[in-house]
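This briefing accompanies the sequence and structure shown below.

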Amino acid sequence: STSGRIDDAYVLPRSFDLDPALAAWITARFLFIWISLGYLTVPILAMLEGVDDAAALRTSHLALALVASECGKLGGTTTMLNAELGSQVDARNLADPRHGWTRYFLDEKVQWASVADDVKRGVAFGLVASVAARLVDAIVNGGSDAADGPAGGALALLAYGQTDGHAGLATVALITSSCVLAPATEELFFRGFVLPACDRVVGNVAVSIALTAGLFAAVHFSPRDAASLFAAGCAFGAAAVDWDASTKNASDASDASGANATMGFTAAGLAAPTAAHATFTAGVLLEAVLRG
């Protein structure tokens, strides 16, 4: 495309063609990676160092564990997808969640205009996610500042760094893990894989976004944060959809069949939901810092 946008011919609705049993197996393997590396790394480190509470660990050790955990999740997820789907990625195949990134490299040329457009959309959706999540949290939890989810646990690192003079290291580790690595891993799976898989089954992109957001909130194991994470997940899902192309494809299908076709999922590229996720997380961190 002379405008730099990706040709719609590469992005087809209902093209997520993957055996349901394999999809379930990939999901189970991801959840194993998510839990074992995301929730057990710090406790295991504390056990190895002979301390009863993770708060007793040195800030440098906590920072390293946090970054190592997110690197492990990203590396483990990518390795698992390579093993299950093959190392050769067809950029035109939406059954492969890595398509959300490889689509920017079609014809051996990086589509920088498309990347920039998706990032801008993502930042906008990230701001929407921040506002929506805050409103939902205020309604559900009464506006209390307490948090029991991953944000609260990660932010504890910043508090530890301020008490022992390693605030800079804690800040770098927190930003790297929470605003770079975690969004890349989570959006690769939830919006790159689960969202089109749900749409393949239910046939409605809005319902698929909600179901994916529900799973996203549930696997964070934070009852108090579930509602706000669900709201944010819906915004991330909306960022992952190319609504213009989806509407056009659904209209074409309706014209061809003579019936009203539901709008099928058409990917906007993973740069959009990843940027949305990163923007949302950065807002959470900034809000916590401003509150001291």
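Which side chain does a polar contact of 2.6 Å join to that of Asp137? The partner is Asn141, whose side chain makes this 2.6 Å polar contact with the side chain of Asp137. The model is a predicted one, and every value below is computed from it. The chain holds eleven helices and zero strands, and 44% of its 292 residues count as buried.

**Overall architecture**

- Read from the N terminus, the elements of the chain run α-α-α-α-α-α-α-α-α-α-α, in keeping with a count of eleven helices and zero strands.
- Among contacts in the chain with a separation of 6 or more, 75% are accounted for by residues 24 or more positions apart.

**Packing of α1 with α3**

- Two packed helices are described by the angle between their axes and the distance between the axes.
- For helix α1 (residues 20–38) and helix α3 (residues 59–85), the axes come within 9 Å and cross at roughly 160°.
- The crossing angle of roughly 160° is over the limit of 145 degrees, so α1 is roughly antiparallel to α3.
- The crossing of α1 and α3 is right-handed.
- On the α1 side, the contact is made by Leu22, Trp25, Ile26, Arg29, Phe30, Ile33, Trp34, Leu37 and Gly38.
- On the α3 side, the contact is made by Ser69, Gly72, Lys73, Gly76, Thr77, Met80, Leu81, Glu84 and Leu85.
- By residue class, the contact of α1 with α3 consists of ten nonpolar, five polar and three charged residues.

**Packing of α9 with α11**

- Helix α9 (residues 226–239) and helix α11 (residues 271–290) have axes that come within 7 Å and cross at roughly 150°.
- An angle of roughly 150° lies over 145 degrees, and α9 and α11 are therefore roughly antiparallel to each other.
- α9 passes α11 in a crossing that is right-handed.
- Ala232, Phe236 and Ala239 of α9 make the contact with Ala272, Pro273, Ala276, His277 and Phe280 of α11.
- The residues of this contact of α9 with α11 comprise seven nonpolar, one polar and no charged.

**Packing of α5 with α11**

- Helix α11 also packs with α5, at an angle of about 40° and with the axes 6 Å apart.
- The crossing in which α5 passes α11 is right-handed.
- The contact of α5 with α11 brings together twelve nonpolar, four polar and four charged residues.

- Asp137 is placed in helix α5 (residues 112–141).
- The relative accessibility of Asp137 is 9%, which is why Asp137 counts as buried, the limit being under 20%.
- Besides the contact with Asn141, the side chain of Asp137 has a polar contact of 3.2 Å with the side chain of Arg134.
- Glu70 is found in helix α3, and at 10% relative accessibility Glu70 counts as buried.
- Leaving aside residues up to four places away in sequence, Glu70 touches Ser177, Leu181, Ala182 and Thr185.

- Leu169 has its place in helix α7 (residues 167–202).
- With a relative accessibility of 39%, Leu169 counts as partly exposed.
- Leu169 touches Ser60 and Ala63, not counting residues up to four places away in sequence.
- Leu169 and Leu64 are 105 residues apart along the chain, and their C-alpha atoms are separated by 9.4 Å.

**Backbone at Phe221**

- Most residues other than glycine have a negative phi.
- Phe221 has a positive phi of about 55°, although this residue is not a glycine.
- Phe221 lies in the loop between α8 (205–218) and α9.
- At 49% relative accessibility, Phe221 counts as partly exposed, because exposed requires over 50%.

How values were computed
Residues are numbered from 1 along each chain as its sequence is written. This is a predicted model: local features need pLDDT of at least 70, side-chain atom pairs count only at pLDDT 80 or more; totals for chains, interfaces and linings use all residues. Side-chain values use heavy atoms; hydrogens and water are left out. Axes are lines fitted to C-alpha atoms, for helices over the stretch in contact, and angles run from 0 to 180 degrees between N-to-C directions. Helices (H or I, at least four residues) and strands (E, at least two) are DSSP runs, numbered from the N terminus. Angles under 35 degrees count as roughly parallel, over 145 as roughly antiparallel, 65 to 115 as roughly perpendicular and the rest as oblique. A crossing is left-handed if the near helix is turned anticlockwise from the far one by less than a right angle, and right-handed if clockwise. Contact means heavy atoms within 4.5 Å. Ala, Val, Leu, Ile, Met, Phe, Trp, Tyr, Cys and Pro count as nonpolar, Asp, Glu, Lys and Arg as charged, and the others, Gly among them, as polar. Buried means under 20% relative accessible area, exposed over 50%, partly exposed in between (1.4 Å probe, protein chains only). A polar contact is a pair of N or O atoms within 3.5 Å; within protein, one must be able to donate a hydrogen and the other to accept it, and residues adjacent in sequence count only if both atoms are side-chain atoms.
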